[in-house]
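Biologist: I am new to this structure and would like to go through its side-chain contacts and backbone features. Could we take them topic by topic?

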Amino acid sequence: MDSIEKNKKLFIDEEAFITLSMLSEGLLYPVTSLMSQKEAEEVNKTGIYKNKSFPFAFILAPNGKRNEEVLKSVKKNDIVELVCQNKTVGKIIAKEVFLIDKKERVKNIYGTDNLALNGVKKTFQRLGNYAISGDLFLDESPIKKDIKRVKKAIKHNKAQKIVGITTNSNPFHRVHERIIRLALEENDMVILFLAKNLKSDGLAFDVRYKALDVIIHKFFPKNKIIIVPLHNTYIFSGLNEVIMDSIVIKNFGCNKFVMGQTHDGLGIHYANQHTKTIFDVLKGINLETITIHEYVYCNICRTIVSTNSCPHGSHHHIKYHSEAILELLKQGIIPPPILIRKELTALYLTSLFKNRFENTQKLYYDLIPNNGIIENIDEEKLYIELIKMYQTMSMT
Ligand SMILES: [Zn+2]
């Protein structure tokens, strides 16, 4: 009997595993374990857990016939193995198994149960009919090393004022850079939470990470900025993104929050009525939020200004629209350096169009001024020199 009990297995996907890792590493504090039915109902009703805001019940209810059979057979104190991608990743010591209302669940997460919407449908399909609560033990965690790295840096800097900034940086443009600089002016450290989506149609995560790394190394005091992947699982969806971001950022050790937009839009998220309302009702999460005004390049002021501080009308303003800049890059067009640094354009284009030139070396020496000494030229170097030529003014 014992051996059969030990063999109870639940199969979970990567999204669930990452989300459980956040739970077990304390990033969702005060939620530290899978909620019981009573707790789940309470949180869904009130949006409060242990006197702090938490937008919806934290439960594990994986879909699938096999999972449902296992869950129906689970009794109190059973050990249930968790399997992700054919590998045992941890276990739960069961407390209870209970039926859930799948439609209500997606409504709590997204604010709607309209299954015609993509994210809603996907989350609905991932849900099973039964949830399990109990103590969670994971064998490994993809997040542990990030938490360690952040704690070490905070200690090393003796940082008191720590700003968290969420960003897609898809791509990273000059207003992103401006916002980081502003945050550093008055604070000890900036932690950049770079959205890592399980699926993404923009620039690959590694490329976006490398771009941030290049900028930090070249243009910032690098010990004061740290990049952390923010795994965008379903708990960060819909209306609750801001609350979940706040909770995770706070638990990483930040005490201030500059909000970027990490989901639908690709740009900076400026304070609007919706986000203000959310912060007004947040309870028990002690996090100062920094309001960002909209930044543009003004061709009269001839610099990046906030629309709050520049008297010239919008017909003088160049906007920083990430989606539009990304579109240029995807079409292989070099965006104006006023929008994006040449180092990054070179990096992005190289990653989007691998080996696009038949003979990079020849192209370089035919076009770019050089001293005749042949060196190894890669595509990045070619783009950078080309961009410099675009900026040559005398013939225009
Ligand atoms: Zn102006």
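**Aromatic pairs and other contacts**

Modeller: The count comes to five aromatic pairs, where rings of Phe, Tyr and Trp (its six-membered ring) pair if their centres lie within 6.5 Å, planes under 30 degrees apart being stacked, over 60 edge-to-face and the rest tilted. In one of them, Phe-205 and Tyr-209 have ring centres 5.9 Å apart and planes at 50 degrees, so this pair is tilted. This is a predicted model, in which local features need pLDDT of at least 70 and side-chain atom pairs count only at pLDDT 80 or more, while totals for chains, interfaces and linings use all residues. Residues are numbered from 1 along each chain as its sequence is written, and side-chain values use heavy atoms, with hydrogens and water left out.

Biologist: Where are Phe-205 and Tyr-209?

Modeller: Both are in helix α9 (residues 205-219), and being four residues apart there, Phe-205 and Tyr-209 are separated by about one helical turn. Helices (H or I, at least four residues) and strands (E, at least two) are DSSP runs, numbered from the N terminus.

Biologist: Is Phe-205 buried or exposed?

Modeller: Phe-205 is buried, with a relative accessible area of 14%, whereas Tyr-209 is partly exposed at 25%. Buried means under 20% relative accessible area, exposed means over 50%, and partly exposed is in between (1.4 Å probe, protein chains only).

Another pair is formed by Phe-357 and Tyr-383: the ring centres are 6.0 Å apart and the planes are at 55 degrees, so this pair is tilted. It links distant parts of the chain, with Phe-357 in the loop between α13 (342-352) and α14 (360-367), and Tyr-383 in helix α15 (residues 379-390), 26 residues apart. Phe-357 is partly exposed at 22% relative accessibility, and Tyr-383 is buried at 2%.

Biologist: Which residue lies over the face of Phe-220?

Modeller: Arg-181 does, at 4.2 Å from the ring centre. A charge sits over a ring if NZ of Lys or CZ of Arg is within 6 Å of the ring centre and within 35 degrees of the ring normal. The charged end of Arg-356 likewise sits over the ring of Phe-353, 4.2 Å from its centre.

Biologist: Changing topic, how many salt bridges are there?

Modeller: There are 16 salt bridges, each a side-chain nitrogen of Lys or Arg within 4 Å of a carboxyl oxygen of Asp or Glu. One of them joins Arg-126 to Asp-13, with the closest N and O atoms 2.8 Å apart. Arg-126 is in helix α6 (residues 118-126) and Asp-13 in the loop between β1 (9-12) and α2 (14-24), so that pair links parts of the chain 113 residues apart.

Biologist: What network of salt bridges includes these two?

Modeller: Asp-13, Glu-15, Lys-122 and Arg-126 are linked in a network. Of these, Arg-126 is buried at 17% relative accessible area, and Asp-13 is partly exposed at 33%.

Biologist: Which salt bridge is formed by Asp-366?

Modeller: Asp-366 pairs with Lys-362, the closest N and O atoms being 2.8 Å apart. The two are four residues apart in helix α14, about one helical turn. Asp-366 is exposed at 53%, while Lys-362 is partly exposed at 49%.

Biologist: And how many disulfides does the structure hold?

Modeller: It holds zero disulfides, a disulfide being a pair of cysteine sulfur atoms within 2.5 Å. Cys-84 is buried, with a relative accessible area of 5%, and Cys-310 is buried at 8%.

Biologist: Turning to the backbone, which peptide bonds are cis?

Modeller: A cis peptide bond joins Tyr-29 and Pro-30, with omega about 15 degrees, and Pro-30 is in the loop between α2 and α3 (37-46). The bond from Asn-170 to Pro-171 is also cis, with omega near 5 degrees; Pro-171 lies in the loop between β8 (162-167) and α8 (174-185).

Biologist: What is the phi of Asn-77?

Modeller: Asn-77 has a positive phi of about 70 degrees although it is not a glycine. Asn-77 lies in the loop between α4 (65-73) and β5 (79-84) and is exposed at 55% relative accessibility. Arg-302, also not a glycine, has a positive phi of about 60 degrees. Arg-302 lies in the loop between β13 (295-298) and β14 (303-306) and is exposed at 64%.
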